Amino acid sequence: MSDILKNIFCAFCGLASGAVVSGGVFSFIAMIGIVPRLAQRTNTISRIPLYEDIIVISGIIGTIISFSNISLPSHTLLAITYAFFTGIFIGVLAVSLAEVLNVIPIFTRRFRILQGISFFIISMAIGKMVGSFLNFIVIKFI
């Protein structure tokens with residue numbers, strides 16, 4: 001009987017810890033304002049609840065896949081698609097974090113960049129995406 005109680009306690013602790021960590025990650029994403037900024041830039045403010053739901057559902061699905069024995073088929077097209085969307089997410093996260101920390105205004109002021117700031121931001125995002133592509137294509141889901 002004590003083994004069952006240990007397992008229940010461990011499962012509860014794991015679930016509670018996961019809830020706290022995921023809550024912290026999602027609150028961080030909300031705090032730096034990725035979703036509203038993207039919606040504002042793409043003129044899709046009415047779809048913010050959909051974007052938030054997709055982020056939460058993706059986090060849940062990613063967690064389930066990480067902790068289960070579900071294996072995805074190893075296919076190049078799947079790897080490229082996954083790397084593409086991972087690169088977009090990491091690029092958006094990095095650019096949003098940089099924007100919150102005022103890195104971009106300081107950088108543009110120091111290097112006297114007066115035009116083409118949007119190209120600078122897009123090139124940073126593309127660089128993150130290319131890095132993600134190389135990671136998942138060269139390493140092949142290790």
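Does I61 count as buried, partly exposed or exposed, and what is its relative accessibility? In this predicted model, I61 has a relative accessibility of 44% and therefore counts as partly exposed, since that class lies between the cut-offs of 20% and 50%. I61 is placed in helix α3, which covers residues 48-67. It also belongs to a nonpolar surface patch formed by V56, I57, I60, I61, I64, I65 and I70. Together, these residues have about 580 Å² of accessible area.

Helix α2 covers residues 34-41, and its buried residues are I34, V35 and A39. Viewed down the axis of α2, these buried residues fall within an arc of 120 degrees, so they line one face of the helix. In general, an α-helix has 3.6 residues a turn, so residues three or four places apart point the same way. Q40 and R41 are exposed on the other side of α2.

Just after α2, N43 adopts a positive phi of about 55 degrees. T44 lies in the loop between α2 and α3. With a relative accessible area of 13%, T44 is buried. The side chain of T44 makes a polar contact with the side chain of Y51, at 2.7 Å. When neighbours within four places in sequence are left aside, T44 is in contact with A39 and Y51. A39 is also one of the buried residues of α2.

The accessibility values given for two residues are set out below.

| Residue | Relative accessibility and class |
|---|---|
| I61 | 44%, partly exposed |
| T44 | 13%, buried |

Notes: Residues numbered from 1 in each chain as written. Predicted model: local features only at pLDDT ≥ 70, side-chain atom pairs only at ≥ 80, totals over all residues. Heavy atoms only, no water. Patch = residues over 30% accessible without salt bridge, like charges linked within 9 Å, V, L, I, M, F, W, Y side chains within 5 Å. Areas by Shrake-Rupley, 256 points an atom, 1.4 Å probe, with all protein chains shown as cover. Salt bridge = Lys/Arg side-chain N within 4 Å of Asp/Glu carboxyl O. Helix = DSSP H or I, 4+ residues; strand = E, 2+ residues; numbered from the N terminus. Buried < 20%, exposed > 50% of the residue type's maximum accessible area, 1.4 Å probe, protein only. Arc of directions from axis to C-beta. Polar contact = N/O pair within 3.5 Å; in protein donor to acceptor, adjacent residues only side chain to side chain. Contact = heavy atoms within 4.5 Å.
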